[in-house]
Amino acid sequence: MKFSKAFKYQLNDVKTSLMSFYGVMIGVEILLSLLIAFCVGNVKGNVIGLDAATPVFLFILSLCIFSTNFSFLNQNSISRRTMVLSCFAMFATVAGIMLAIDAINAAIMYMGDFYKYPYSTVYEMIFHQFESADHRIVDKTSDILQNLPTVSQKLTRISANLIFNYVSYIAAAVSGYFISVVFYRLSKIWRIIVFIIIPVVLLNSAYSIYRLGQSFFDTISRWMDRNIFNSPTGTIILMLIWIVVFGMLSYIIATRAGLKPKKE
Amino acid sequence: MSTIQVKNITMQFKEVIALNDVTITFDENKIYGLLGRNGAGKSTLLNLMTNKIFPTSGEILVDGENVLENDNALGKIFCMCDKDLYPKEYSVKKAIKWSKEFYPDFDTEYAYKLCEKFQLSPKKKLKGLSTGYNSIFKIILALAANTPIVLFDEPVLGLDANHRDMFYKELINNYSENPRTIIISTHLIEEVSDVIEDVVIIKDGKKIVQDSVENILSRGYSISGSAQKIDEFIKDKEVIGVDTLGAFKTAHIMGSIDKSGIPDDLEVTKLDLQKLFIQLTNA
């Protein structure tokens with residue numbers, strides 16, 4: 001029962017953010033369609049990957065959840081274990097809701113010829129080069145679906161897109177949650193080291209590090225490119241592993257966290 | 001009704017030992033005063049009871065169940081603490097609504113009645129509350145939660161005398177209608193001494209006293225009268241404190257009272273708990 005209460009609370013907590021996000025997205029799409037409708041002359045273009053905003057939103061949302069919810073739920077006698085597990089359930093639910101909304105949105109976009117310009121999802125954008133029968137590169141979701149002769153192929157295609165989206169949404173949310181939990185646990189000095197000094201040092205020395213182990217990095221990169229990043233299945237499996245690993249790490253770190261409330 | 005058993009609890013923060021092998025049993029249906037000087041370990045103990053921090057060693061049981069990460073055991077406790085644990089953008093009404101969700105026995109009607117009594121508007125945002133009204137807000141939730149165990153950590157922080165009086169009266173009324181285990185941690189010993197039944201005193205992370213208020217106060221007595229007579233009387237006594245008001249003096253004495261040895265014009269009364277506390281916790 002406590003699990004359901006904690007889940008309900010955390011879901012309610014993100015309701016406003018979710019509505020704001022889709023309010024902005026609808027506004028962006030209306031603005032975009034007006035701009036396109038009033039384009040003068042024969043201007044070519046594509047509308048690609050509007051659904052990329054969803055994992056970005058979930059990542060940022062999950063960065064802000066842990067600290068506030070931890071204090072409030074602890075005050076209301078919820079254990080850390082219940083808090084974390086109900087938060088993951090909330091992520092799965094919110095990802096499902098957003099998946100449904102994004103899918104309906106995408107369907108309206110390309111079926112209704114909404115923009116006058118071709119529309120593609122993120123999934124199509126990444127994996128499109130394998131879609132045409134004669135290996136033509138197509139960049140429009142409706143073309144991609146038309147190139148698939150059977151209904152089952154079309155359904156497989158759409159299902160793969162939905163699974164990819166759902167897994168990427170949850171991966172984004174778990175990533176943000178992991179970062180927020182680590183940030184909470186670290187002292188001030190370690191926060192500066194881990195979140196500022198190390199990234200700055202790595203970014204500035206990335207090329208030098210690469211040159212030091214060039215053949216190794218190139219081999220890894222080629223293997224990943226072949227087996228993971230050019231394969232929808234490989235990418236989905238990688239994201240699932242990411243979710244499990246960082247989900248477990250978040251759980252372990254969060255369930256050992258002492259409460260650090262703000263003094264009044 | 002529920003009991004809390006604190007068993008061999010030690011809490012160490014780096015080099016500082018906040019609690020050192022503390023064992024206390026809080027029986028059901030009693031109001032306890034948890035007293036101690038600043039840094040004695042009172043808040044640490046309450047934080048351990050409510051799963052806010054993890055003990056270095058030992059365990060805390062509620063009705064035989066360890067509170068550590070245990071929703072069932074934790075659900076029997078409501079802690080009113082001075083820390084900032086509620087989202088500041090919440091209104092009082094919203095906090096009451098969610099408290100009802102998490103505590104099934106929460107009495108919403110009673111909570112709103114208390115809001116009216118303490119003149120706290122339910123529509124007010126928590127970020128707009130003064131220190132005193134923040135305490136009042138938390139007191140209302142604690143009293144309305146109807147959990148078998150209620151912990152108050154500095155409940156009267158920032159409260160004026162009128163509100164403090166209202167709190168103590170409401171606490172006693174609430175307790176008489178709904179007896180449960182209440183633990184009050186406070187520095188205002190004089191005020192709380194009329195409310196509490198048992199006392200637990202923590203000094204330097206160790207429990208030094210756990211007894212009923214009656215038994216503790218029977219360890220000594222207070223004697224009042226003219227300054228001259230008092231000075232004569234207390235010559236060979238263990239005096240723990242003296243209060244003077246002009247020619248009138250009150251001495252607080254440890255030890256059993258010999259009524260036959262007390263002059264007629266001196267008045268004997270119960271020992272002052274605060275004076276005794278100071279005596280017991282002074283280095």
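In which sense, parallel or antiparallel, do strand S3 (residues 31-36) of chain B and S10(B) pair, and over how many bridges? In this predicted model, S3(B) and S10(B) pair in the parallel sense, and five bridges link the two strands. Within this pairing, B:Gly33 has B:Val199 of S10(B) as its bridge partner. Strand S10, which spans residues 198-203 of chain B, has five of its six residues buried, so it is largely enclosed by the rest of the structure. S10(B) and S11(B) together form a hairpin with two residues between them, and in the turn B:Asp204 has a positive phi of about 50°. Strands of a sheet pair through backbone hydrogen bonds, in either the parallel or the antiparallel sense.

A further sheet of chain B is open and consists of four strands in the order S13-S14-S12-S15, with antiparallel pairing. The edges of this sheet are taken by strand S13 (238-245) and strand S15 (267-269) of chain B, each of which has a single partner strand, so that one side of each is left without a neighbour in the sheet. Direction ignored, neighbouring strands of this sheet are turned by 20° against each other on average. Strand S12 (residues 220-226) and strand S14 (residues 248-254) of chain B are joined in the antiparallel sense over seven bridges, and B:Ser222 has B:His252 in S14(B) as its bridge partner. Helix H10 (residues 273-281) of chain B lies across S13 and S14 of that chain and runs at about 135° to S13(B).

Elsewhere in chain B, helix H3 (residues 92-102) and helix H4 (residues 108-117) have axes that come within 10 Å and cross at roughly 155°. An angle over 145 degrees counts as roughly antiparallel, and H3(B) is therefore roughly antiparallel to H4(B). The crossing by which H3(B) passes H4(B) is right-handed. On the side of H3(B), the contact is made by B:Val92, B:Lys93, B:Ile96 and B:Lys100, and on the side of H4(B) by B:Thr108, B:Ala111, B:Tyr112 and B:Cys115. By class, the residues of this contact between H3(B) and H4(B) comprise five nonpolar, one polar and two charged.

Chain A has 10 helices and three strands, which follow one another along the sequence in the pattern α-β-α-α-α-β-α-α-α-α-α-α-β. Of the 264 residues in chain A, 40% are buried. When contacts in chain A between residues at least 6 apart in sequence are considered, 77% of them join residues at least 24 apart.

One helix pair of chain A consists of helix H2 (residues 53-63) and helix H7 (residues 151-185), whose axes come within 7 Å and cross at roughly 25°. H2(A) and H7(A) are therefore roughly parallel to each other, and H2(A) passes H7(A) in a right-handed crossing. H2(A) contributes A:Thr54, A:Pro55, A:Leu58, A:Phe59, A:Ser62 and A:Leu63 to the contact, whereas the residues of H7(A) that take part include A:Ser168, A:Tyr169, A:Ala172, A:Ala173 and A:Gly176. The residues of the contact of H2(A) with H7(A) divide into nine nonpolar and six polar, with no charged residue among them.

Technical notes:
Residues are numbered from 1 along each chain as its sequence is written. Chains are lettered from A and ligands numbered from 1 in the order in which they are written. This is a predicted model: local features need pLDDT of at least 70, side-chain atom pairs count only at pLDDT 80 or more; totals for chains, interfaces and linings use all residues. Side-chain values use heavy atoms; hydrogens and water are left out. Axes are lines fitted to C-alpha atoms, for helices over the stretch in contact, and angles run from 0 to 180 degrees between N-to-C directions. Angles under 35 degrees count as roughly parallel, over 145 as roughly antiparallel, 65 to 115 as roughly perpendicular and the rest as oblique. A crossing is left-handed if the near helix is turned anticlockwise from the far one by less than a right angle, and right-handed if clockwise. Contact means heavy atoms within 4.5 Å. Ala, Val, Leu, Ile, Met, Phe, Trp, Tyr, Cys and Pro count as nonpolar, Asp, Glu, Lys and Arg as charged, and the others, Gly among them, as polar. Two strands pair if DSSP finds at least two bridges between them. Buried means under 20% relative accessible area, exposed over 50%, partly exposed in between (1.4 Å probe, protein chains only).
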